[in-house]
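Subject: Structure handover

Hello,

Here is the structure we talked about. Notes on what was found follow below it.

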Amino acid sequence: MSAPALEAAPPLARPRAAALLWPVVGAITALLVLLPTSALPGWMWKLPPSWKLPLAGEVSAFVKWLVDSAALGPLAFIDLTRAIAWVLDWPLALARALLVAGFTTGQGSQAVQWFPPLPWFAVVFLAVALAARVGGWRLALLMGAGLGYLLVFGQWASAMVTLASVLVAAPLAVAGGLMVGIACHRSPRAEKAITPLLDLAQTVPVFAYLVPILVLFGFGPVSAMIATILYALPPMVRIAAAAFRAVPEEVVALARMSGCTRRQFTWKVLVPTARPALMLGVNQVILLTLNMVIIASMIGAGGLGYDVLTALRRLAIGAGIEAGLAITVLAILLDRLAQAMARASERGRHHGARAPRRYWLPVLAVSAALWLAAFLAPPLATFPDSLQLSTAAWWDEWVRWINITFFDTLDAFKNAVLLNLLVPVKRFMLALPWPWVALVAAFAGWRAGGAGLALGALAGVLFIVFVGLWEYAALTLYLCGVSVLVAVTLGVPIGIFASGRERLWRAVEVAIDTLQTLPSFVYLIPIVMLFRVGDFTAMIAIVLYAIAPAIRYTAHGLRGVPAPLVEAGIANGCTRTQLLTRIKLPLALPDMLLGVNQTIMLALSMLVITALVGTRDLGQEVYSALAKADVGRGVVAGLCVAIIAMVADRLISAAALRLKRRLGLS
Amino acid sequence: MVSLFRRRSVSRLAAASLVALGLAAGTAQAKVESNDPIKITLHDWTGELISARIIGEVLKKAGYNVDYVQADYLAQFAGLKTGDLHLAPEIWATTGQEALDEGVKSGKVENLGETGMMAIEEWWFPDYMKEKCPGLPDWQALKKCAAEFSAPETAPKGRYLGGPVTWGGFDEERVKALDLDFEVVHAGTDAALFAELQSAYDRKAPIVLWIYAPHWAPIKYKGEFVNFPRYEPACYTDPAWGSNKEATHDCGKPRGPIWKAAWAGLKDKWPGAYSTIKDVKIDNNEMGALVARVDLDGEKVEAVVDDWIAKNEARWKGWLPK
């Protein structure tokens with residue numbers, strides 16, 4: 001994809017020897033793959049068992065020690081984590097009381113409710129009032145329609161369970177991420193220490209550390225919430241750190257001159273200036289929090305995720321889709337509301353607050369009255385059955401119809417892709433000897449980022465090899481590699497096409513938000529029906545999930561091209577194509593590379609889900625380890641996934657940085 | 001489902017509200033050893049939901065405080081060991097034995113014995129395959145018509161859709177030992193497994209796959225299990241056993257009980273409940289009929305269980321603590 005950019009700008013062309021470099025590497029690789037297997041010693045593909053590091057056993061032993069006997073003085077480690085869980089249970093219990101359970105005394109089946117939760121009409125009223133206040137009638141309409149969907153399709157009760165945990169988890173993740181981001185900004189050393197931890201939290205599949213979390217924090221919604229926060233926090237930190245870096249030098253200097261204290265500088269200058277960028281972080285936190293809903297429901301969070309799982313176990317595809325869409329609806333409502341609130345507070349800052357009390361007092365009074373009404377007449381609080389409807393049967397019928405009508409056509413298409421793309425790449429990956437891969441990775445690291453990166457990449461590959469997971473890693477690279485390739489080839493043109501067309505872009509945005517929040521399990525099962533179990537099904541699922549950043553970042557990059565440059569191009573008589581290939585694309589390239597980077601991350605994070613349709617890669621290894629209660633094996637396989645992600649991330653980031661420098665963008 | 005959530009969340013809150021309001025515990029029940037809720041796990045298949053609720057409702061009749069908690073089948077062992085969860089009503093010998101053994105070995109989980117149900121797992125085919133492959137359900141028929149079961153990626157070999165790798169099952173070994181011309185493809189979850197079956201069934205397309213019972217699938221779809229040589233322990237360990245004198249696994253899959261598993265402390269904290277849970281017995285046919293009412297007729301789990309409780313009073317009264 002860099003070819004047009006390089007042609008466009010002659011001064012950027014590489015020296016001749018360097019240009020020959022990668023073709024030579026490619027030729028040697030081809031030679032190695034084509035060689036008969038007997039030409040090289042067998043350990044280059046499969047490590048002899050005696051060379052393996054017994055890391056999995058050691059990790060298991062460490063976790064056992066942590067749980068059974070670790071202590072800080074008189075306080076056992078597990079008591080400490082249980083105390084944390086107890087503290088976190090408070091806000092969660094309050095949210096659940098408000099939205100789900102009401103206020104009760106007694107435990108278990110003997111609990112007695114003495115005041116009901118907020119009834120649906122009060123929740124709808126409050127939410128619409130809030131939306132109208134911060135986002136005007138458009139947002140109010142969206143809010144009403146979204147909540148209406150939840151009510152009419154019978155998802156309300158489960159949605160409130162999910163909402164209660166999201167309302168606690170998302171703010172905690174945003175606040176936590178902001179704090180860590182500030183810490184990173186204040187001390188580069190802290191940033192260096194934290195960055196790898198963030199990478200791990202984002203890339204090690206949740207299944208790998210689920211069991212230790214359950215033991216340490218107890219089985220239930222709190223553990224689910226902690227796992228969710230761990231997963232949703234890293235992008236917030238990254239975005240916060242990047243946003244703070246981007247605060248203009250003049251603003252910082254002004255703050256210094258006016259004698260701000262450190263705290264004043266952070267909260268009055270840094271955070272407000274970076275707010276628009278921070279809101280992107282909030283968006284990601286909300287999306288990721290809802291992304292975890294399915295896994296959280298496996299460990300006792302309940303709600304919509306549980307509905308999706310149970311529906312699909314019964315093959316009730318329609319019911320699964322309805323519950324899955326309810327998750328998407330919640331995500332979109334919360335996200336748009338948060339964005340509007342940020343904009344509203346910005347306006348408030350500039351124009352002064354417009355008597356909020358006069359608006360909120362009556363709203364709260366009405367809500368309280370509605371709540372009281374539910375208390376006095378409990379039947380009112382249930383949404384009438386006669387107004388509910390379900391399209392489940394229609395979805396089921398539709399999937400069946402496609403299955404019967406188009407199976408043969410789809411099957412032919414699948415076989416073509418399988419035989420011409422997937423199988424050859426798989427053979428190729430499995431035929432690569434690992435010493436060569438290690439060498440190439442180190443070399444690429446050295447070219448892109450110098451000796452440090454080279455050593456890191458080398459160490460990463462060697463770790464995977466010496467814990468004995470090379471074959472699984474090769475299969476992972478194959479499946480993710482092909483999927484990323486397909487996602488980028490489809491996503492980049494879509495991004496380019498949609499970026500200049502405002503209406504289309506809005507529709508595309510809704511579509512990719514949906515893809516990112518709709519639990520992948522929902523579309524995985526119909527895909528299995530059409531394409532059967534296998535790598536092709538897994539690939540489609542990964543592409544659907546990972547295509548979003550490829551589209552988003554491409555469009556973002558193109559839309560961010562400075563207008564004067566475009567105008568200069570037009571003034572010079574560029575055609576539309578020239579404008580695109582000579583000006584816009586080269587300038588958007590660093591952003592697009594970031595998009596590719598994120599596509600890879602998402603593809604890797606889908607591995608655990610695709611393990612559910614029978615792939616044989618690292619994701620399956622993590623999942624099997626969970627099934628066999630083997631903590632160490634799961635953690636080690638999870639680390640291997642993280643290593644692949646990190647090496648890919650560092651290489652691409654370094655390459656993007658070099659490119660930016662060459663283009664004179666930084 | 002709705003009332004399920006309500007009930008559960010109510011209890012989650014209970015502890016908090018108790019402290020917050022400084023109120024005494026709710027109506028104290030006589031007889032029972034502890035008023036703390038016994039936490040029973042709910043998984044994502046209907047049979048288990050029914051088992052859990054039957055045990056739970058019977059315990060309630062005995063005056064115990066019961067709480068239902070959603071938990072993953074395998075992840076729940078972490079909770080059972082620490083005492084966060086108390087009872088797992090269905091652990092299948094065929095899928096959960098390793099996790100259960102590991103828990104029992106740690107001394108923190110106790111096996112409370114059989115539920116009365118037997119897990120059956122075997123190769124299964126829909127009835128319409130009998131026309132294409134006469135001689136079924138005898139396994140010898142598969143030898144002759146492997147090609148009838150083939151898919152483009154396995155042709156000319158037949159395609160057998162096995163369970164998730166985590167279920168084990170030794171199908172690769174079985175195919176080799178019985179000299180079947182089949183390739184084993186693994187589904188990752190049983191949802192994927194049944195999605196394929198539904199798809200093939202709608203199109204009357206060839207399929208042979210791993211099915212287990214008690215489950216709604218063998219009730220909903222017309223078909224049969226393949227008759228392999230009957231499993232004996234020696235078949236899996238002694239090559240000389242069976243038709244193939246040089247290989248093990250030349251027989252069908254073992255059938256095993258479905259266990260009840262509990263937190264080891266349950267026995268001391270609620271001795272009465274412990275004996276009741278041990279006594280509960282339901283067999284395959286009874287469970288199959290209940291599962292079908294939920295999954296095929298669309299009744300609610302709660303309604304089916306309440307109906308069962310009303311109709312089987314003499315039986316569950318016999319399980320109550322004496």
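The contact between the two chains takes 66 residues from chain B and 65 residues from chain A; two residues are in contact if their C-beta atoms, placed from the backbone, lie within 7 Å. This is a predicted model, in which local features need pLDDT of at least 70 and side-chain atom pairs count only at pLDDT 80 or more, while totals for chains, interfaces and linings use all residues. Residues are numbered from 1 along each chain as its sequence is written, with chains lettered from A and ligands numbered from 1 in the order in which they are written.

On the side of chain B that touches chain A, the elements that each supply at least two residues include helix 1 (2–21), strand 2 (66–70) and helix 8 (190–203) of chain B. Helices (H or I, at least four residues) and strands (E, at least two) are DSSP runs, numbered from the N terminus. Helix 1 of chain B has the largest share of that side, 16 residues. By class, this side of chain B holds 33 nonpolar, 16 polar and 17 charged residues. Ala, Val, Leu, Ile, Met, Phe, Trp, Tyr, Cys and Pro count as nonpolar, Asp, Glu, Lys and Arg as charged, and the others, Gly among them, as polar.

Chain A has domain 1 (3–13 + 406–663) and domain 2 (168–328), with bounds from an automatic or database domain assignment. Their C-alpha centres are 22 Å apart. Domain 1 of chain A gives 28 residues to the contact and domain 2 of chain A gives 26. Helix 27 of chain A gives the most to the domain 1 side, ten residues. That side of domain 1 has 21 nonpolar, seven polar and no charged residues.

Regards
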